[in-house]
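The sequence and structure come first.

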Amino acid sequence: LVDPSGLNSTSKSQTPHQNLTPIFLSEMNPTKQTLYKGRILKGTILEYCIPSKSAMTLIMDDKGDIDRLLLYNYIDTNNVKFLNEKLWPGVRIEIVEPFRRICADGKPAVRVDDGGTVRIVAEESRRICQCCAEKEGVEEKGGGEERKKVKLSKCGSCLKTFYCSGQCQKLDWAELGHKSVCNVIKQWKDI
């Protein structure tokens, strides 16, 4: 099977990009339209890929900031389905030499034109809160103490998106865009 996405899956034996300096969304000025050479953006995928002029998803960086991630050259439905098998909510990725810009709609986004610059570093549970990336299960304090149990609820419409609270669900619906992608996600029953 040929990987049409060009994404690089990473095994534990591969060495990380040691010569690249981490960068966060807050450090990337989208009005400058700069390719951040020598830098690496690390984050967690929050949303399934939605096709438009690109394949769009959401990424949360390691400081908790969220932005759109636009994967260009993937508008073929089969490629988007393949991307959703690789980049589902909860997957940790690294983007080498990221590019962030203001899009035609006036909002910022991280743009990827070459899938070879995206590296999957950890395939975590698909069951994370769509809004804050809280994981389902028991979280621990230092020393192995249990902190709290997190129970996630599904979106009642698409049945694929999870939330830790009503507050997160409302925020995702109103401000982060789940309202606009919910029907599209519903169409992919096998994801």
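How many aromatic pairs does the count come to? The count comes to zero aromatic pairs. The model discussed here is a predicted one.

An aromatic ring does take part in another kind of arrangement: the ring of Tyr72 has the charged end of Arg111 over it, at 3.6 Å from the ring centre.

**Strand pairing**

Strand 9 covers residues 99-102 and is joined to strand 3, residues 34-35, by two bridges. These two strands run antiparallel, and Thr34 stands opposite Arg100 of strand 9. Strand 9 is also joined to strand 10, residues 108-112, through four bridges, again in an antiparallel arrangement. Here Ile102 stands opposite Pro108 of strand 10. Strands 9 and 10 make up a hairpin, with five residues lying between them. In the turn, Gly106 has a positive phi of about 85°.

| Partner of strand 9 | Bridges | Direction |
|---|---|---|
| Strand 3 (residues 34-35) | two | antiparallel |
| Strand 10 (residues 108-112) | four | antiparallel |

**Nonpolar cores**

The largest nonpolar core holds 40 residues, and those that touch the most other members are Leu41, Leu69, Leu71, Leu87, Ile93 and Ile95. Among the elements that each supply at least two residues of this core are strand 4 (39-45), strand 7 (66-71), strand 8 (91-96), strand 10 and helix 3 (178-187).

**Two single residues**

Is Arg92 buried or exposed? Arg92 lies in strand 8 and counts as buried because its relative accessibility is 17%, below the cut-off of 20%. The Arg92 side chain makes a polar contact of 3.1 Å with the side chain of Thr44.

Ile66 belongs to strand 7. Its relative accessible area is 29%, so Ile66 is classed as partly exposed; the limits of that class are 20% and 50%. Which residues is Ile66 in contact with, leaving aside its neighbours within four places in sequence? They are Leu25, Leu46, Leu58, Ile59, Met60, Cys131 and Leu176. Between the C-alpha atoms of Ile66 and Gly43 the distance is 9.2 Å, with the two residues 23 apart in sequence.

Terms used: Residues numbered from 1 in each chain as written. Predicted model: local features only at pLDDT ≥ 70, side-chain atom pairs only at ≥ 80, totals over all residues. Heavy atoms only, no water. Pairing = 2+ DSSP bridges. Phe/Tyr/Trp six-rings, centres within 6.5 Å; stacked < 30°, edge-to-face > 60°. Lys NZ or Arg CZ within 6 Å of the ring centre and 35° of its normal. Core = buried A, V, L, I, M, F, W, Y, C linked by side-chain atoms within 4.5 Å. Buried < 20%, exposed > 50% of the residue type's maximum accessible area, 1.4 Å probe, protein only. Polar contact = N/O pair within 3.5 Å; in protein donor to acceptor, adjacent residues only side chain to side chain. Contact = heavy atoms within 4.5 Å.
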